[in-house]
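Here are a few exercises to work through with the structure open beside you. Try each task before reading its solution.

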Amino acid sequence: MDDPNRQFMRIAIEEAKKSAEDGARVGAVLVRDGVLLMAGHKGELGDKMHAEQVVLKKAEEAGIDLRGATAFVTLEPCSNLTTKRTCCADLLAAAGVAEVYIGRYDINPQINRLGWRALVDNGVRCRDFPADLRKELEALTSRFEGYFLRRDGLTGIAKFDFTQNGGQYVFATDETENARVWVTRWNNCGAQAIYANGGLPGFVALARYAREFDEIDDPDALDYGSHSACVAIGEIASFRNEHGHVLCKVLQIEPTPDYGGGPHVSVKVSYQIRLRADS
């Protein structure tokens, strides 16, 4: 038997497609007793308004009582934001929404699963979109999610949750299919350091005592004898492959709870890609 809720999930996805492509593309739908109450998308009523805020505002202006309603959102409602505004998870709960279907969990390390937790703690039942629709949303949100899984360009800053995606983070020269790519892996080491993992010796090295990229003349001169390197804040790791090297300087670590951290887990690095002359 077909799930009667799929039609509302589909409407939410179609709303998400209306969002601007340069950020998170999110759609939201409010339903009660099988009747569509309101639909909207991120940015519909202003660049900074999330999809949940949009549909809640439209419902309020229409005088709709949302107690007992169900929400369908293509991306996990935000929670624990650093801004002064109320988070979308709290707004949905305060409006009386009783159930929320979530299309994708936000892989932003500042939000991931905290929106779900906030909803559940407020007595809201949370459910997931089915696998095929989650896969569709994966393609729709790939550009936004890419910021937390990959960086393109020869230099830049990256911040990601090293406990997600198996600790994998990708650096690439550009966005094209022919880009040179370095697949790096990171793992727990402590509150002030993190493991840069190569899997096998020869891939990763610690640029011991170096503090700036320009202090490293030839990255191949470093010691690649171990399969991993413990890199403290302020230190530089070098990952190498057939294309050359990516140098990563650890700027900040939000450690796991066992090392005194809180709900957010992340590492922030600056990086520089150095291509081999023949690459």
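A salt bridge here is a side-chain nitrogen of Lys or Arg within 4 Å of a carboxyl oxygen of Asp or Glu. By that cut-off, R10, E14, K17 and E136 are linked in a network of salt bridges. Please keep in mind that this is a predicted model.

**Exercise 1. A pair within the network**

Task: Find the N to O distance between the side chains of K17 and E14, and decide how accessible each residue is.

Solution. 
- Step 1: Side chains of opposite charge can pair when their charged atoms come close.
- Step 2: For K17 and E14 the N to O distance is 3.2 Å, and the cut-off is 4 Å, so the two meet in a salt bridge.
- Step 3: K17 has 37% relative accessibility, so K17 counts as partly exposed. E14, at 35%, is partly exposed too.
- Step 4: Both residues also belong to the network that includes R10 and E136.

**Exercise 2. Other salt bridges**

Task: How many salt bridges does a search of the whole structure find? Then describe the pairs K58 with E44 and D152 with R150.

Solution. 
- Step 1: Searching the whole structure gives 17 salt bridges.
- Step 2: In the salt bridge of K58 with E44, the closest N and O atoms are 2.9 Å apart. This pair links distant parts of the chain: K58 sits in helix α2, while E44 is in the loop between β2 and α2, 14 residues apart.
- Step 3: E44 has 31% relative accessibility and is therefore partly exposed.
- Step 4: The side chains of D152 and R150 meet at 2.7 Å, N to O. D152 is partly exposed at 32%, and R150 is partly exposed at 28%.

**Exercise 3. The cysteines**

Task: Which cysteines are joined by a disulfide, and where in the chain do they lie? Then check C88 and C126.

Solution. 
- Step 1: The whole structure holds 1 disulfide, and this disulfide joins C189 to C230 with an S to S distance of 2.5 Å.
- Step 2: The angle about the S-S bond is -85 degrees, and the link of C189 and C230 is left-handed.
- Step 3: The pair connects distant parts of the chain, 41 residues apart: C189 is in the loop between β9 (181-188) and β10 (193-197), and C230 is in strand β12 (residues 228-232).
- Step 4: C189 has a relative accessibility of 19%, so C189 counts as buried. C230, at 33%, is partly exposed.
- Step 5: C88 is in no disulfide, and its nearest cysteine sulfur, that of C78, is 3.6 Å away. C88 is buried, at 1% relative accessibility.
- Step 6: C126 is in no disulfide either; the nearest cysteine sulfur, that of C88, is 14 Å away. C126 counts as buried at 18%.

**Exercise 4. A histidine in a loop**

Task: Is H50 buried or exposed, and which residues beyond its neighbours within four places in sequence are in contact with H50?

Solution. 
- Step 1: Locate H50 in the loop between β2 (35-41) and α2 (51-61).
- Step 2: Buried means under 20% relative accessible area. H50 has 17%, so H50 is buried.
- Step 3: With those sequence neighbours left aside, the contacts of H50 are K42, C78, R85 and C88.

Note on methods. Residues are numbered from 1 along each chain as its sequence is written. This is a predicted model: local features need pLDDT of at least 70, side-chain atom pairs count only at pLDDT 80 or more; totals for chains, interfaces and linings use all residues. Side-chain values use heavy atoms; hydrogens and water are left out. Helices (H or I, at least four residues) and strands (E, at least two) are DSSP runs, numbered from the N terminus. Buried means under 20% relative accessible area, exposed over 50%, partly exposed in between (1.4 Å probe, protein chains only). Contact means heavy atoms within 4.5 Å. A disulfide is a pair of cysteine sulfur atoms within 2.5 Å.
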